[in-house]
Amino acid sequence: MKQLKGLGWTAMALAAFMYSGAAYASEDTPEFTEAFLNDEATFARGKEIWFEQCTLCHGAKAYPGKAPQLKPWRYKPSFVYRRITKGFRKMPAWNEVYDKDERMAVVAYVMSKKFSP
Ligand code: HEC
């Protein structure tokens with residue numbers, strides 16, 4: 001009986017860990033393949049979202065200093081995805097506004113050679 005009780009706690013701790021950490025981590029960093037990043041339809045959807053939302057703060061016409069100008073050549077897709085998903089300081093999180101596919105599409109747009117703020 002004692003052993004069973006121990007197992008119960010282990011299972012609970014494991015479940016809690018997977019809920020908070022491990023499960024989140026895979027949602028955290030989806031895979032960005034070259035094929036995905038170069039897909040035309042994805043690019044178009046991402047561009048739409050960029051001009052619908054992101055340009056308010058990051059765009060060429062945004063009030064200077066409101067948000068940093070993006071420097072995609074310095075980023076990895078996973079970094080951009082994390083910032084969009086979770087936000088950071090004054091950068092809002094978008095995980096409740098855009099679903100995963102949409103957030104991935106904006107990443108594809110931002111990382112594209114044709115990106116323009
Ligand atoms: C309400 C204004 C606002 C909007 C809208 C906004 N951002 Fe931001 N964003 C910020 C601010 C402010 C920062 C800087 C956060 C910091 O580092 O303190 C930032 C940072 C970032 C960064 C990290 C830049 C770096 O060099 O560290 C990325 C990437 C980014 N935003 C992408 C986006 C995308 C994509 C969208 C559209 C879905 C978006 N942002 C919409 C305000 C905004």
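**Pockets and the iron site**

Modeller: Let's begin with the second largest pocket, which holds about 270 Å³ of space. A pocket here is an open set of points on a 1 Å grid over the protein atoms alone, where a 1.4 Å probe fits, with protein on both sides within 12 Å along at least five of seven lines. The volume is the space filled by probe spheres set on the points, which are joined across faces, edges and corners.

Biologist: Before we go on, what kind of model is this?

Modeller: This is a predicted model: local features need pLDDT of at least 70, side-chain atom pairs count only at pLDDT 80 or more, and totals for chains, interfaces and linings use all residues. Residues are numbered from 1 along each chain as its sequence is written, and side-chain values use heavy atoms, with hydrogens and water left out.

Biologist: Which residues line the second largest pocket?

Modeller: Among them are E34, F43, A108 and K114, where lining means having an atom within 4 Å of a point. Two or more residues each come from α2 (34-37), α3 and α5; helices are DSSP runs (H or I, at least four residues), numbered from the N terminus.

Biologist: And how much space is in the largest pocket?

Modeller: About 710 Å³. Its lining has 29 residues, with H58, A67, P68, L70 and M91 nearest the centre. Helix α3 gives the largest share, seven residues.

Biologist: H58 and M91, then. What do they coordinate?

Modeller: The iron atom of the ligand, through NE2 of H58 and SD of M91, at 1.9 to 2.1 Å. Donors are N, O and S atoms within 2.8 Å of the metal (3.2 Å for Na, K and Ca). H58 sits in helix α3 (residues 40-58) and M91 in the loop between α4 (77-86) and α5 (100-111), 33 residues apart.

Biologist: Why is the arrangement octahedral?

Modeller: Because the six donor atoms around the iron subtend angles of 87 to 180°. Six donors count as octahedral if opposite ones are over 155 degrees apart and all others between 65 and 115.

Biologist: Is H58 buried or exposed?

Modeller: H58 is buried, at 12% relative accessibility, while M91 is partly exposed at 25%. Buried means under 20% relative accessible area, exposed over 50%, partly exposed in between (1.4 Å probe, protein chains only).

Biologist: Changing topic, what does T42 touch?

Modeller: Leaving aside neighbours within four places in sequence, T42 is in contact (heavy atoms within 4.5 Å) with F36, A105 and A108. T42 belongs to helix α3 and is buried, at 14%.

Key. Tetrahedral: all angles 85-135°; square planar, octahedral: opposite > 155°, others 65-115°.
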